[in-house]
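Here is a briefing on one protein model.

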Amino acid sequence: MLISILIYGFTLALLFWGSSFAKKGQLKADYLSIENSTAAKGFACLGVFFHHVSQNPAFQQTADIKFFEYIGFIFVGIFFFYSGIGLLKSWKAKPDYLSTFFKKRMLPIIIAIYVMNIFYAIFIYIAKYREMDALRWVLGLLNIIILNDQSWYPIVILIMYAAFMFAFKKCKKVSNAIFVVFLVALAQLVIFCIGGHFAWWIDYGWYKGPQSFGTAKWYQQICALWFQGEWWVNSTMCFVMGLLWAHHEEKIIAFFSKKYWLKFSLLGILMAGGMYLGFYTMMNISYWSEFAGHGVGRIDKTICLVSQQVQLATLLAFLTVLKFKWTRSNKVLSFFSSISLEFYLMQRIALNSFLFITGTKENPIIKELHWNLLAYFIAVFAANLLLALIYKQINKKITKLLVR
């Protein structure tokens, strides 16, 4: 209970610190300013961290900060949404934006991925985090598979960036370009729905045997390859939602400028319905139908994905329209936005390095008043922050050498 109060209290304080309200009868013209967008991404950065901490075995057993376990994809969706908005606004404002797009937007992420792989290779080797053969080492260091199981986001955002760059270079109409990007996002959802959580198509039927996963090769195991896991795809469409918002922004503002509170209230009802639909579907159908005797479960996965797209679309619309009247920004959120990628990519090292405080899935350790959970949270947060800052400096130096 103590740790829940502290973390939820800290979250609410950050959420409302630096609040600013529109004057009566007016909408905030700066609702999507760099400062306000940065605050949203900073809050999402911390939300993803809380989500990953909530997955710790001891936190799972005590249900401390349980709420964050269910909403991690929403925080990631915020990143995708603001990325889409930012790219389209920049493209509109800068005629030569795409000429330097790869060098300025994509190459730094590629550099970050390969520097990260060195960090995780060292961590895996020292901590014996998982068994590695020569093939797995080579594929991991090349990023053909991922060494850090939380590093799917930079891969997906690079795919979406590449789709954006191609579509907006080749298509004359903005609506056509957005449709091309949508098709790329949709293809990723389809890949997951067909492939599921493991390579069932390798030596078809192997997973039905008595030994199944106990004797399977590493590349047949759960979530070993790209796009094996709903987290790879369930928030990606938010990038397209961001593009659509930026493209139709003037019409949206004009629509809500009249009878704002009535329309906002109706949007709130839609958002509540979308949230209920998403959570109900997850609790009653689930993405993990392979392990309930339903085969790959393509229909189950499709239903879950569609419901979560409705959930995300209605929530993001609600939160963004809310910003017409209320925004907030502060130095803490701005800071975490500035290191969001680095803070995210270093989390697995920090989370696993202090498991001796809370124990493993088989043997969770829970002390009186859950004080060790608070100690774990603080230790992981501090280590994660330190690693992120070191990692960011290394990335900056390498990027400076390569990007001129």
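The whole structure holds 1 cavity of 30 Å³ or more. Here a cavity is a set of points on a 1 Å grid over the protein atoms alone where a 1.4 Å probe fits but cannot get out. The model is predicted: local features need pLDDT of at least 70, side-chain atom pairs count only at pLDDT 80 or more, and totals for chains, interfaces and linings use all residues. Residues are numbered from 1 along each chain as its sequence is written, and side-chain values use heavy atoms, with hydrogens and water left out.

**The largest cavity**
- The largest cavity contains about 30 Å³ of space, a volume being the space filled by probe spheres set on the points, which are joined across faces, edges and corners.
- F10, T11, L14, F43, L46, G47, F50 and F75 line the largest cavity; lining residues have an atom within 4 Å of a point.
- Helices α1 (2-16) and α2 (34-54) each give at least two residues to this lining.
- The largest share, 4 residues, comes from α2.
- By type, the lining has 6 nonpolar, 2 polar and no charged residues.
- Nonpolar covers Ala, Val, Leu, Ile, Met, Phe, Trp, Tyr, Cys and Pro; charged covers Asp, Glu, Lys and Arg; the others, Gly among them, are polar.

**Overall form**
- The protein has 17 helices and 2 strands, taken as DSSP runs numbered from the N terminus (helices H or I, at least four residues; strands E, at least two).
- Its radius of gyration is 22 Å, close to the 22 Å that the globule rule gives for 404 residues, so the protein is as compact as a globular protein of that length.
- That radius is taken over C-alpha atoms, and the rule is 2.2 Å times the number of residues to the power 0.38.
- The C-alpha trace spans about 65 × 55 × 50 Å along its principal axes.
- Of the 404 residues, 52% are buried (under 20% relative accessible area; exposed is over 50%, partly exposed in between; 1.4 Å probe, protein chains only).

**The second largest pocket**
- This pocket has a volume of about 1300 Å³; a pocket is an open set with protein on both sides within 12 Å along at least five of seven lines.
- Its lining counts 43 residues, with K41, S83, R105, Y161 and S340 nearest the centre.
- Elements giving two or more residues include α2, α4 (72-93), α5 (101-127), α7 and α17 (371-402).
- Helix α4 supplies the largest share, 9 residues.
- The lining divides into 21 nonpolar, 13 polar and 9 charged residues.

**Helix α7**
- The 19 residues of α7 (residues 152-170) should span 27 Å, and the end C-alpha atoms are 27 Å apart, which agrees.
- The expected span is 1.5 Å times one less than the number of residues.
- Since 14 of its 19 residues are buried, α7 is largely enclosed by the rest of the structure.

**Salt bridges**
- The whole structure has 6 salt bridges (a side-chain nitrogen of Lys or Arg within 4 Å of a carboxyl oxygen of Asp or Glu).
- E290 and K301 pair at 3.0 Å, N to O.
- E290 lies in the loop between α11 (260-284) and α12 (298-322) and K301 in helix α12, so the pair ties together parts 11 residues apart in sequence.
- Both E290 and K301 are buried.
- K28 bridges to D30, with the closest N and O atoms 3.7 Å apart; K28 is buried at 12%, while D30 is partly exposed at 34%.
- E69 and K66 meet at 2.8 Å, N to O; E69 is partly exposed at 21%, and K66 is partly exposed at 25%.
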